[in-house]
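This report describes selected features of the packing and secondary structure of a predicted model. The sequence and structure are shown below.

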Amino acid sequence: MTKPSLPELLHAAVTSVGGTERPGQVTMAEAVAEAIDGGSHLLVQAGTGTGKSLGYLVPALAHGERVVVATATLALQRQLVERDLPRTVEALHPLLRRKPQYAMLKGRSNYLCLHRLHEGVPQEEEEGLFDQFEAAAPTSKLGQDLLRMRDWADETETGDRDDLTPGVSDRAWSQISVSSRECLGATKCAYGAECFAESARERAKLADVVVTNHALLAIDAIEGAPVLPQHEVLIVDEAHELVSRVTGVATGELTPGQVNRAVKRAAKLVNEKVADQLQTAAEGFERVMELALPGRLEEIPEDLGYALLALRDAARNVISALGSTRDRSVQDEDAVRKQAQASVESVHDVAERITNGSEWDVVWYERHDRFGASLRVAPMSVSGLLREKLFTDRSVTLTSATLKLGGDFNGVGASLGLAAEGTAGTSEAEELPVWKGLDVGSPFDYRKQGILYVAKHLSRPARDGDRADMLDELTELIQAAGGRTLGLFSSMRGAQQAAEELRSRIPEFPILLQGEETLGELIKNFAADPKTCLFGTLSLWQGVDVPGTGCQLVVMDKIPFPRPDDPLMSARQKAVEENGGNGFMAVAATHAALLMAQGAGRLVRASGDKGVVAVLDPRLATARYGSYLKSSMPDFWYTTDRNQVRRSLSAIDAAAKAADLDTAAKAADAEVAAKAADVDVEEQAAAEADDE
């Protein structure tokens, strides 16, 4: 039997999911196959509606080697494992004459720990969660969640937190989960043979396709101990998120509360002298943190330096002592010891990292109204790490709807540690990976389906300034659109102020606000009522998918540059400038371009969608960097004419109302027909009874 061609395989897969092949999808599949076969690297931008999941799954499955697919969001992981992969594997089975296996793999803390569930939480926080009446009548939300999770543990096959619905708080989940550092290990644990996390790893070892997340991919790269099975092909979907997710994993944090928990956990396992040393160091650190002011620390202040040295040394002594003492009076000592060791090691590692003072790290204080002060450390850049760990010994394909910023892939490429496209350059220490960029376009006709409107007449936004004219403009746009508005704000404060003001101005249009309900519930309610508007910040710029007439106006209050006092972004910008580059364009403008491309992408989600993206910041029309930002967004028809936009929105609203009425009429007709059919059946049955 001849080997099936890629077009044959793609056709079979697309048919299996009830879709239609699109030119961009075919082009993407061919490019991915070429990259995999040649062991090379590919950055591919595939617009919404391209069908990019099948665009990479089909050539990956056809190749036959193990593939790891890393995504940023739970929604896409679920789509791949529960819909795309089962259908695609079934469709390709007759052609490939084999049935590739697939599995999901996440970090250990995402799985229920049977040891912790049955033996309890070896820490002071567990006290008081249950009393003798708890089983009959839970006394708190936490108690209710714990009881529900215990019941779920008897039913679940995966132990995966994301399979628990409705979900629970982080605090509740922490009562029945462990980090990799806290885990006893399968060979030492009484429940090792039944462990959900170990089972997931075993399934991944046998699978041809392993679906994971960016965070686990980062852990696998950073920690050196392999978490993912050996693989020849890596595909990173939602790749615009990769750098921020890797940065998050590589960021360390120290808080007084965290240090005090480490002291309490270790105190019962080491001698008094060693415990007192850590307690004294913790108190010194807490005193320093009480005076901490938010901002970057370009040099470590003397008092903080002393406090961190004391913490590091005391933590090191505790870790040594933990390995040599045994206390039979402590119940479940191995678990208690492992948790104490994990807590103290975490304190030690961050204190040592900041004390060592790498020029590649950024250190800063943060202060939270509820949680107090924290000390944080993050890498200036993860590009070197990604270049070294990601692009070695395997073919890598990175894909997203937004990778091409300002007209090319070089901005995103640089953040991944890649040289400019088409240059096989070398750094001082190594050869740089060679890669290719490809934009397969979108099946949507953006110029006919959408308008990009910039409110050029508005005043330039000032930080924390009053924007009365912006609120006037927003009010008029929502009225013209008949609701149907997704408001994307650069700060939560801005979203809250706008929601409060517009709720009183135009009460006929309900305003939903991020934070007042779960995100899923907000999006569901927004999509259900065309007059409703949804306001929010970062997660809405990237996480809303409402095709149809429910979302026909997307408003951005201002260009989402990073805050000037953002320690990490400002440090990165300064570093670029010190090396002779344009820090603003490389960091701030690139950050804004990525968000604006994602935000504008919320408008057109299907071929029949129409609407307006309105940017209420005149700088997009007047500033020199405006053209860079606009070229990163979908190619909508562009205008600064406010009257034209109001007329267009009114026309779009009228068409949507007519469509909604038509849909309602058809639904009513169908209901009448169904009832008539029921009557006919009843009459027929009665007639047959009479005949008898």
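Valine 613, leaving aside its neighbours within four places in sequence, is in contact with Ile451, Leu452, Tyr453, Val554, Met556, Ala600, Leu603, Met633 and Phe636. Together with Leu416, Val613 has the most contacts inside the largest nonpolar core, which has 90 residues. Helix H23 (residues 583-600) gives the most to this core, namely 7 residues. Another core, of 39 residues, lies apart from it and includes Ile36, Met104, Ile235 and Leu438. In soluble globular proteins, nonpolar side chains tend to be buried together.

The next element is strand S1 (residues 41-45), which is mostly covered, with 5 of its 5 residues buried. His41, Leu43 and Gln45 point one way from S1, whereas Leu42 and Val44 point the other way; all are buried. The pairings of S1 are set out below.

At 1.5 Å a residue, the 15 residues of H6 should span 21 Å, and the end C-alpha atoms are 21 Å apart, so the two values agree. The buried residues of H6 are Leu142, Gly143, Asp145, Leu146, Leu147, Met149, Trp152 and Ala153. Helix H5 (114-119) and helix H7 (170-174) are among the elements that cover these buried residues.

Technical notes:
Residues numbered from 1 in each chain as written. Predicted model: local features only at pLDDT ≥ 70, side-chain atom pairs only at ≥ 80, totals over all residues. Heavy atoms only, no water. Core = buried A, V, L, I, M, F, W, Y, C linked by side-chain atoms within 4.5 Å. Buried < 20%, exposed > 50% of the residue type's maximum accessible area, 1.4 Å probe, protein only. Helix = DSSP H or I, 4+ residues; strand = E, 2+ residues; numbered from the N terminus. Contact = heavy atoms within 4.5 Å. Expected span 1.5 Å × (residues − 1).
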